[in-house]
Amino acid sequence: MQTAPPFSTSRTDIAGQSVSDLAAQFGTPLYVYDIDPIEQRIRDLSMFDVIRFAQKACGNLAILDRVRKRGVVVDAVSAGEIRRAIAAGYSAQPGSHDIVYTADIFDAESLDLVIEHGLMVNCGSPDMISQLGERRPGSDVTLRINPGFGHGHSQKTNTGGQQSKHGIWHTQIDDCLLRADQSGITITGLHMHIGSGTDLQHLGEVCGAMEKAAIQVGRTIKTISAGGGLPIPYKDGETYVDLAKYFELWDGVRNRLSEQFGHPIELEIEPGRFLTAESGSLIAEVRSVKKVGDNLFTLVDAGFNDLARPVMYGAHHPISVAAAAGAVDASQRESIEMVIGGPLCESGDIFTQREGGFVDSRLLPIVRVGDFIVIENAGAYGFVMASNYNSKTRAAEVLIEDGQAKLIRKRETFEDLVRGEVIPD
Ligand code: LLP
């Protein structure tokens with residue numbers, strides 16, 4: 001599974017459900033998830049002892065419920081994510097490692113929840129060790145180590161190296177051991193997440209850094225986590241990581257550490273994007289097609305309030321066209337270069353752009369008002385990064401499973417939008 005089939009610029013359905021029917025039934029903009037690719041990705045990673053879903057990628061309760069039922073545990077980066085995991089049925093009993101709080105700080109609420117439920121913590125800052133020690137001496141923790149280098153599809157998603165705020169700097173492990181000792185805390189695991197990439201040599205360097213750090217901490221180590229960062233192809237020609245080779249690298253580290261420490265070491269992986277990105281699509285309706293100088297703008301009813309990745313990172317998402325009910329199938333139409341934008345009062349509200357904010361065009365089947373565009377691979381960092389900018393209500397979400405489209409989040413209403421706002425006398 002190293003290369004994906006080429007992306008098509010036209011489609012009629014998502015997992016067997018007609019795009020125009022989905023739009024008619026649930027309205028647009030609409031996030032649609034297909035359960036099948038999620039199940040497939042879980043199977044792809046089955047050689048790891050533990051698959052821990054980074055729910056920040058796609059935290060809808062129904063998605064969490066479905067991955068939980070398939071044996072996947074979760075991380076939580078905030079009090080809200082802890083509560084989500086519990087609401088989706090994850091165990092929050094002391095001693096259970098179903099939910100791990102993994103962050104660079106505790107805020108008051110997240111620390112309270114961690115204490116209340118006896119949750120496992122993955123510390124991304126030395127201060128977290130002392131703060132946990134004050135409230136819960138005797139705890140086991142894991143440490144997220146920044147090995148001093150990282151990678152990412154954009155500088156904003158690179159989570160290693162000295163430009164990154166994430167993790168405990170690799171030269172501060174002794175300091176952490178001292179703090180842990182003073183706080184009655186035991187370091188039982190290490191974790192590294194440095195961004196996403198496919199370069200096995202680079203990934204091998206992470207493994208080397210992990211092995212070195214684990215030896216420095218010593219035989220209290222029982223688990224190591226490879227973090228997330230498994231990429232998926234967003235453009236033709238982009239590849240997946242060679243999973244067999246990737247696992248082999250980590251398995252080697254695990255086996256050597258096991259031998260050295262004289263006990264088994266559990267190997268975790270913590271993917272977000274890999275599990276859900278390809279399952280999700282954002283359907284938007286074409287509302288205007290207009291010439292602006294030499295550019296043809298197709299304006300749709302979804303904007304960067306719905307999907308922020310193109311604007312934030314210049315991220316490229318595959319886009320396809322689906323015909324309005326009764327219109328000529330998009331695959332039968334001629335293609336033309338167009339810029340695709342949304343409804344927001346921002347010039348940057350453009351889905352076809354490159355990093356640096358440059359408007360780009362895409363060769364797509366000719367569209368008319370009432371047709372749909374489907375922004376693909378939007379199941380990770382899609383809905384979860386949505387906002388109410390321009391007082392837009394957030395989209396509905398639908399899950400397709402067993403051949404049926406099921407609503408898993410209602411479209412927001414105006415009442416949701418102003419809930420909590422107060423006009424003082
Ligand atoms: N574990 C930790 C500690 C993380 O910080 C992250 C992502 C993951 C796992 C999952 O990474 P993944 O497997 O999804 O690459 N909003 C950006 C991505 C930010 C990722 C932040 N951390 C985007 O849309 O590309």
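Is Ala15 buried, exposed or partly exposed, and how many other C-beta atoms lie within 10 Å? Select Ala15 and check: it is partly exposed, because 19 other C-beta atoms lie within 10 Å. The scale used here calls a residue buried if 20 or more other C-beta atoms lie within 10 Å of its own, exposed if 12 or fewer, and partly exposed in between, with C-beta atoms placed from the backbone.

Two housekeeping notes before moving on. Residues are numbered from 1 along each chain as its sequence is written. This is a predicted model, where local features need pLDDT of at least 70 and side-chain atom pairs count only at pLDDT 80 or more, while totals for chains, interfaces and linings use all residues.

Helices here (H or I, at least four residues) and strands (E, at least two) are DSSP runs, numbered from the N terminus. Phi of Ala15 is near 45 degrees, a positive value in a residue other than glycine. Most residues other than glycine have a negative phi, and most peptide bonds are trans.

Next, select Thr28 and Pro29: the peptide bond joining them is cis, with omega about -5 degrees. Pro29 sits in the loop between α1 (19-26) and β3 (30-34).

Now jump to Asn390, in the loop between β20 (372-375) and β21 (396-401). Asn390 is not a glycine, yet has a positive phi of about 65 degrees. With 14 other C-beta atoms within 10 Å, Asn390 is partly exposed.

Select α5, residues 108-117. Its buried residues are Ser110, Leu111, Leu113 and Val114. The arc is that of the directions from the helix axis to the C-beta atoms. Turn to the other side of α5 and you find Ala108 and Glu116, both exposed. To see what covers the buried residues, show α4 (79-87), β6 (99-103), β7 and α6, which are among the covering elements. Just after α5, Gly118 takes a positive phi of about 65 degrees.

Then take α6, residues 126-135, where Met128, Ile129 and Leu132 are buried. They span an arc of only 105 degrees around the axis, which puts them on the same side of α6. Their cover includes β7 (120-123), β8 (140-146) and α7 (173-183).

**Domains**

Color the chain by domain: domain 1 is 46-270 and domain 2 is 277-418. These bounds come from an automatic or database domain assignment. The C-alpha centres of domain 1 and domain 2 lie 33 Å apart. The contact between them takes 13 residues from domain 1 and 20 residues from domain 2. Residues are in contact if their C-beta atoms, placed from the backbone, lie within 7 Å. On the domain 1 side, five nonpolar, five polar and three charged residues touch domain 2. In this scheme Ala, Val, Leu, Ile, Met, Phe, Trp, Tyr, Cys and Pro count as nonpolar, Asp, Glu, Lys and Arg as charged, and the others, Gly among them, as polar.

**The ligand**

Which residues are closest to the ligand? Ala54, Gly228, Gly272, Arg273 and Tyr381, out of 19 that surround it. By class, the shell holds seven nonpolar, nine polar and three charged residues. Domain 1 and domain 2 each supply at least three residues of the shell.

**Last picks**

Cys345 carries the UniProt annotation "active site", from an unreviewed entry. UniProt positions are given in the numbering used here, feature names are shortened, and annotations may be inferred rather than shown by experiment. Find Cys345 in the loop between β16 (335-341) and β17 (353-354). Cys345 is exposed, because 8 other C-beta atoms lie within 10 Å.

Finish on Ala315, in the loop between α11 (309-313) and β15 (319-322). Ala315 counts as buried, with 20 C-beta neighbours inside 10 Å. Leaving aside residues up to four places away in sequence, Ala315 touches Tyr234, Arg309 and Pro310.

Methods. A residue is near a molecule or strand if its C-beta atom, placed from the backbone, lies within 6 Å of it. Two residues are in contact if their C-beta atoms, placed from the backbone, lie within 7 Å.
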